[in-house]
Amino acid sequence: MHLKGNVICPHLIGSTDGVICGIGNELIRDIGDADIRLCMNRRYEACSIYKASLIEMAVRPFLSEAVPEAGRQF
């Protein structure tokens, strides 16, 4: 039997207090809209926290370029 890919979200971190979402940096049980079933069955791409982090990573370079231009005088 061969295991292909991740079985659980790669952002899950174990701790003595419970499972922590590495993106939200909070315990899964304390995140209101988190669903551990998405984390555990290869559906983490449907996770709202994961999607928000991807959007932030994609937009951040554009925002950092726009900030210096906002202060530019014409």
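## V19 and its contacts

V19 touches L12, I13, E26, L27 and I28, leaving out residues up to four places away in sequence. Contact here means heavy atoms within 4.5 Å. V19 lies in strand 2, residues 18-21. Strands are DSSP runs of E with at least two residues, helices are runs of H or I with at least four, and both are numbered from the N terminus.

V19 counts as partly exposed because its relative accessibility is 37%. The classes are buried (under 20% relative accessible area), exposed (over 50%) and partly exposed (in between), with a 1.4 Å probe and protein chains only.

## Model and overall make-up

This is a predicted model, in which local features need pLDDT of at least 70, side-chain atom pairs count only at pLDDT 80 or more, and totals for chains, interfaces and linings use all residues. Residues are numbered from 1 along each chain as its sequence is written, and side-chain values use heavy atoms, with hydrogens and water left out.

The protein has 2 helices and 3 strands. From the N terminus, the order is β-β-β-α-α. Of its 74 residues, 18% are buried. The accessible surface is about 6000 Å², and carbon and sulfur atoms hold 58% of that. Accessible areas come from the Shrake-Rupley method with a 1.4 Å probe; for residues, only the protein chains shown count as cover. Among contacts between residues at least 6 apart in sequence, 38% join residues at least 24 apart.

## Core and cysteines

The largest nonpolar core has 10 residues: C9, L12, C21, I28, I31, C39, Y44, C47, I49 and Y50. Such a core is a set of buried Ala, Val, Leu, Ile, Met, Phe, Trp, Tyr and Cys residues joined through side-chain atoms within 4.5 Å. In soluble globular proteins, nonpolar side chains tend to be buried together. L12 contacts V19, I20, I28, C39 and M40, its neighbours within four places in sequence left aside.

The structure holds 0 disulfides (pairs of cysteine sulfur atoms within 2.5 Å). C21 is in no disulfide; its nearest cysteine sulfur, that of C47, is 5.9 Å away. C39 is in no disulfide either, and the nearest cysteine sulfur, again that of C47, is 5.7 Å away. C21 is buried, with a relative accessible area of 7%. C39 is buried too, also at 7%.

## Two loop residues

N25 sits in the loop between strand 2 and strand 3 (26-27). Its phi is near 55°, a positive value in a residue other than glycine. Most residues other than glycine have a negative phi. N25 is exposed because its relative accessible area is 63%.

D33 sits in the loop between strand 3 and helix 1 (36-40). At 52% relative accessibility, D33 counts as exposed. Which residues does D33 contact, leaving aside its neighbours within four places in sequence? They are S48 and I49. The C-alpha atoms of D33 and I49 are separated by 8.4 Å, and the two residues are 16 apart along the chain.
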